[in-house]
Amino acid sequence: MSLMSVLTRDEAQTRARLLDVHRYAIELDLTCGDETFDSRTAIRFTVRGDGPATDTFVELKPAELRSATLDGHPLDPDTLVENRLPLTGLTPGEHELRIDTAMRYSHTGEGMHRFTDPTDGETYTYTQLFLDDIQRVFAAFDQPDLKAVFDLTVKAPEGWSVLANGITTHEGDGIWRAAETPLISTYLVAVAAGPWHSVRTEHRGLPFGIHCRRSLAPYLDADADELLDITRQCFDRYHEKFEEPYPFDSYDQAFVPEFNAGAMENPGLVTFRDEFVYRSAVTDAQRQTRAMVIAHEMAHMWFGDLVTLRWWDDIWLNESFAEYMGYQTLTEATRFTDTWTDFGVARKAWGYEADQRPSTHPVAPDAVDDTASALLNFDGISYAKGASALRQLVAWLGEKDFLAGINTHFARHRFGNATLADFVDSLAAATERDVHAWAESWLRTTGVDTLTPQLTQADDGTCSLTVDRDGSRPHRIAVGLYDQDLADDGALTLRERIELDIPQTAPQPLGKRPALLLLNDSDLTYAKVRFDPDSFKAVQSALSALPEPLSRAVVWNALRDAVRDGRLPATAYLETARTHLPQESDLALAEGVLAFASAQVADRYLPPEERPAALAALARLCRDLIRRTEDGSHPGLRLIAVRHFIDAAAHPDTIAAWLADGTVPGGPELDPELRWRILGRLAVLGAVDGATIDGELERDPSATGQEGAAHCRAALPDPEAKRRAWEAMFTTDEQRDLSNYLFTATARGFWQPEQADLVAEYVDRYWADVPALAARRGPAIAAAAGRWAFPRYAIDADTLRRGEKCLRKKDLVPSLHRRLIDELDDLARALRVREA
């Protein structure tokens with residue numbers, strides 16, 4: 001990989017003062033072969049002022065720079081250094097820059113990604129230009145506050161269709177023209193080209209479309225009504241909330257292969273990972289997640305696309321708002337009315353974990369120095385913590401004033417750029433409350449507050465509550481008071497839910513002492529909560545008797561935090577799950593508890609000698625759930641239990657019999673996802689060989705099948721299999737480089753808790769090989785190598801020391817450096833939990 005300069009905040013501010021960028025005319029030719037495509041760009045811009053001539057630069061990262069002209073005068077291609085072409089002697093007034101290049105296709109989900117479907121041999125390309133990858137596709141002044149109009153033409157092979165930000169028209173001879181965009185930022189330009197299968201409709205006079213690979217057409221068609229219904233419902237609800245109408249000419253949603261994120265909010269053309277086109281059975285919770293992503297990305301049409309951050313220190317103005325609005329709007333507008341439970345279990349835990357690592361940062365940092373640093377902040381803080389802060393803001397401010405402030409913000413900054421200060425000013429105009437102070441305490445600070453109840457009992461038997469706060473933020477919370485009927489199987493009944501502001505001005509009277517006092521009931525704030533001793537006893541005996549799933553989510557999160565903080569033995573969490581999860585009906589809760597119990601408690605927090613007992617406990621728990629769902633009343637819960645039973649299997653007999661029969665007794669029948677899941681576990685247990693994996697790949701030669709086979713081969717407990725997998729990941733032969741998805745599948749198969757001795761030599765090799773791989777292959781593979789290829793089951797002080805030594809190496813790719821910091825901190829936490 002060639003070197004690439006990152007844009008600094010200071011450079012962006014200087015260039016924004018110097019230039020007004022008006023228009024890009026872009027011609028892409030995708031008919032030039034498998035390796036490169038042609039890209040021709042004309043940029044019209046104005047140099048401000050009336051002073052002397054000045055200098056700047058344009059970014060591009062070509063395979064070949066054929067020519068460049070400024071106002072008709074040729075520029076020397078040899079002056080291109082790394083990814084910057086200098087523009088010198090610019091006089092005030094209008095200019096035109098023309099650049100002709102060949103650009104490389106990507107196989108890492110960056111720039112113009114190219115993918116050939118192994119099912120039918122069809123090829124697809126799409127762009128992912130976030131955060132600074134536009135220069136891999138065409139030349140640009142690549143920063144968010146230099147918005148421009150984009151006029152795009154694409155030449156594509158016969159039989160392809162082309163999607164873009166605006167409505168596209170086929171002009172003949174493979175030429176497709178997209179309607180001009182309004183003013184948008186460079187990173188939001190989008191193209192998707194290939195022989196797409198498309199379902200089109202119209203809503204409110206706008207063209208709507210959903211698109212996928214041809215091999216996925218039957219699965220998209222099966223869900224088309226659901227996908228379009230969700231899209232229409234969210235679209236209509238946003239128009240009830242927002243005074244500013246949808247600002248673009250169409251709304252396409254393309255499900256694309258090997259996508260690095262969940263989705264990307266390109267205006268008029270949202271791209272999604274095509275795992276959301278379900279080939280296999282899924283739970284309703286997974287459908288809810290897909291619907292939330294649709295709602296999240298649509299919110300970006302206003303938060304991010306219409307009004308865009310000025311610089312990357314205000315990422316939260318995009319992601320936190322889309323996250324909050326996605327969950328809230330889904331709850332209000334669709335059949336998914338309990339989305340905040342899923343947020344509490346899945347997303348919020350992501351935020352809590354990120355916020356307790358050394359790499360934590362404020363939701364709204366004071367400054368982000370450059371684009372490489374900015375990319376690292378797209379994490380659980382910018383998404384989940386920021387959304388939690390907004391939910392707390394709505395609880396404190398009231399939804400009416402909150403929406404009034406948002407609409408003021410849109411009106412002031414439509415098709416422009418804004419900062420945190422701009423947004424806070426818009427909110428302040430709609431309320432008497434001190435929003436500036438709120439923003440300072442919630443958005444400029446790091447870490448997670450902890451709330452602990454202190455109950456004081458009076459002589460007459462009544463009690464009062466004082467909440468101790470370890471932290472500095474103000475909180476408005478609900479406190480649930482639950483009574484327990486010991487004559488009715490210990491059922492918990494909500495007596496009262498009171499609102500409480502923290503810090504308190506005085507103790508809160510409660511009346512008689514409740515059996516369970518639950519802080520942050522309804523999960524309206526972002527804080528860890530603890531239990532008083534009596535409440536903890538009630539949790540142990542009657543957690544499943546709590547009537548509302550969101551309340552149960554708060555309790556499960558508190559138990560999860562207690563394990564991670566070394567305050568609750570990991571085995572106690574397993575025992576609580578064993579006692580209460582068989583009665584659970586909420587799918588998000590069941591999945592979240594089982595995932596933490598297996599991936600963290602069994603695989604990392606318990607020492608190796610205790611892991612077999614933990615797996616046995618998980619297998620028994622899953623069997624209980626499978627037996628409970630034999631009547632077909634809870635198919636989603638049954639599917640979750642089957643998946644986790646497979647993952648916990650310590651012996652191959654049962655799941656091998658399922659694979660041979662093609663079904664779980666009583667259902668479900670094994671679809672491709674379950675077949676590959678079983679085969680992956682059998683590979684770990686040494687109960688299959690390469691020939692069996694090859695046979696399954698013949699049965700399912702799809703892209704997902706290729707990933708499943710790569711995972712299984714890497715998981716085999718065989719030295720030769722491990723050697724081949726390592727070489728596939730870390731080879732220096734560019735012709736054999738794995739794509740981003742195949743790399744991740746191989747890495748996830750390679751490290752297994754059962755195989756610590758077999759792969760011990762690769763722990764040392766990782767620290768030697770991963771820096772060079774990251775430097776050669778770039779940020780996406782660097783992040784994947786830091787996360788999925790990390791030796792996460794080598795939980796010992798020696799691994800920690802070696803990792804910390806690796807961190808001190810100069811010139812580590814930033815995305816790798818960040819991942820290593822996080823993984824090493826998780827490793828250190830696992831060691832502390834084991835010691836506790």
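**Rings and helices**

Me: At 1% relative accessibility, does Trp726 count as buried or exposed?
Reply: Trp726 has a relative accessibility of 1%. The cut-offs are under 20% relative accessible area for buried, over 50% for exposed and partly exposed in between (1.4 Å probe, protein chains only). With its 1%, Trp726 therefore counts as buried.

Me: What kind of model is this, please?
Reply: Residues are numbered from 1 along each chain as its sequence is written, and side-chain values use heavy atoms, without hydrogens or water. Local features need pLDDT of at least 70 and side-chain atom pairs 80 or more, while totals for chains, interfaces and linings use all residues, as the model is predicted.

Me: How many aromatic pairs are there?
Reply: Rings of Phe, Tyr and Trp (its six-membered ring) pair if their centres lie within 6.5 Å; planes under 30 degrees apart are stacked, over 60 edge-to-face, the rest tilted. By this rule the count of aromatic pairs is 51.

Me: Which kind of pair do Tyr246 and Tyr251 make?
Reply: Tyr246 and Tyr251 are both buried. Their ring centres are 5.8 Å apart and their planes stand at 80°, so the pair is edge-to-face.

Me: How many residues apart in sequence are the parts that Trp726 and Tyr762 tie together?
Reply: Trp726 and Tyr762 form a tilted pair, 5.0 Å centre to centre with 45° between the planes. Trp726 lies in helix H21 (residues 719-730) and Tyr762 in helix H23 (residues 760-777), so the parts tied together are apart in sequence by 36 residues.

Me: How many of the 18 residues of H4 are buried?
Reply: Helices are DSSP runs (H or I, at least four residues), numbered from the N terminus. H4 is largely enclosed by the rest of the structure, because its buried residues number 15.

How values were computed:
Helices (H or I, at least four residues) and strands (E, at least two) are DSSP runs, numbered from the N terminus.
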